[in-house]
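User: Hi! I have a new model open and would like to talk it through with you. Shall we start with how the strands pair up?

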Amino acid sequence: MTEAPRITQSDAQRIARIHLVIKRDEIQRFMAPGLHEVLDTITAQGIAPAGPWFTHHLRMSPEGWDFAICVPVAVPVTPVGRVQPGEMPTRRVVRTIHRGPYEGLFQAWSELDAWIAAQGLQPATDLWECYVLGPESNPDPATWRTELNRPLLD
């Protein structure tokens, strides 16, 4: 189930991130280890996450994804290996919440993109998914919440 989309403004946010370019079928192999690498790096620096983790997708194709695994932080992270500091800027976005398992995200994005088109809005090429509640909080996929954010061009 997906909530009704709304237009809002995202807040600027410092992040710790790992940038990856992978084949589509490799996502499960890289996602959890990448997230743990970011979390281990910030923890070693005495930095706690400043919110839920997310993925920032820069480009997507049938072959693969160009994206970053991101964790919001309150202070800049020192670069270590693949973990780099970054910032998500303030942007006007269309946002919705998908309730349920990750397998439903493709359909939720399709519905969000259709809503954007029906409103006559122009989406940017990137997007991000914020994993508000997931398997780490409850093993029941019905309780999971993923925030979908599609930036808009002005």
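User: How many bridges join strand E3 to strand E4, and do they run parallel or antiparallel?
Analyst: Six bridges join them, and the two strands run antiparallel. Strand E3 covers residues 54–60, and strand E4 covers residues 64–72. Please keep in mind that this is a predicted model.

User: Thanks. What do E3 and E4 form, and how many residues are between them?
Analyst: They form a hairpin, with three residues between the two strands.

User: Which residue is the bridge partner of Phe 54 in E4?
Analyst: That is Cys 70.

User: Which strand pairs with E3 over four bridges?
Analyst: Strand E7, residues 127–133, does, and the pairing is antiparallel. In that pair, Thr 55 of the chain stands opposite Glu 129.

User: Let's step back to the whole chain. How many helices and strands are there?
Analyst: There are two helices and eight strands. Starting at the N terminus, the order is β-β-α-β-β-β-β-α-β-β.

User: How does the radius of gyration look for 154 residues?
Analyst: It agrees with a compact globule: the rule gives a value near 15 Å for that length, and the protein has 15 Å. The C-alpha trace spans about 45 × 35 × 30 Å along the principal axes.

User: And what share of the residues is buried?
Analyst: Buried residues account for 41% of the 154. As for the accessible surface, it comes to about 8,400 Å², and 56% of that belongs to carbon and sulfur atoms.

User: What about charges: how many positive and negative side chains are there?
Analyst: There are 14 positive and 18 negative side chains, with the centres of the two sets 3 Å apart.

User: Back to strands. Is E6 mostly covered or mostly open?
Analyst: Mostly covered: six of the eight residues in E6 (residues 92–99) are buried.

User: Which strand does E6 pair with over seven bridges?
Analyst: Strand E8, residues 145–151, in the antiparallel sense. Arg 99 stands opposite Arg 145 there. E6 is also joined to E1 by four bridges, again running antiparallel. In that pairing, Arg 6 stands opposite Arg 95.

User: Is Ala 4 buried or exposed, and why?
Analyst: Ala 4 is exposed, because its relative accessible area is 63% and the cut-off for exposed is over 50%. Leaving out residues up to four places away in sequence, Ala 4 touches Arg 95 and Thr 96.

User: How far is Ala 4 from Ala 114 in space?
Analyst: The C-alpha atoms are 12 Å apart, while the two residues are 110 apart in sequence.

User: Last one: where is Arg 24?
Analyst: Arg 24 lies in the loop between strand E2 (13–23) and helix H1 (27–44). Arg 24 counts as partly exposed, because its relative accessibility is 33%, and partly exposed runs between the buried cut-off of 20% and the exposed cut-off of 50%.

User: Which residues is Arg 24 in contact with, neighbours within four places aside?
Analyst: Met 60, Ser 61, Pro 62, Glu 63, Gly 64 and Trp 65. Among these, Gly 64 falls within E4, which covers residues 64–72.

Methods
Residues are numbered from 1 along each chain as its sequence is written. This is a predicted model: local features need pLDDT of at least 70, side-chain atom pairs count only at pLDDT 80 or more; totals for chains, interfaces and linings use all residues. Side-chain values use heavy atoms; hydrogens and water are left out. The radius of gyration is taken over C-alpha atoms; the globule rule is 2.2 Å times the number of residues to the power 0.38. Buried means under 20% relative accessible area, exposed over 50%, partly exposed in between (1.4 Å probe, protein chains only). Accessible areas come from the Shrake-Rupley method with a 1.4 Å probe; for residues, only the protein chains shown count as cover. Lys and Arg count as positive and Asp and Glu as negative; His and the chain ends are not counted. The place of a charge is taken as NZ of Lys, CZ of Arg, CG of Asp or CD of Glu. Two strands pair if DSSP finds at least two bridges between them. Contact means heavy atoms within 4.5 Å.
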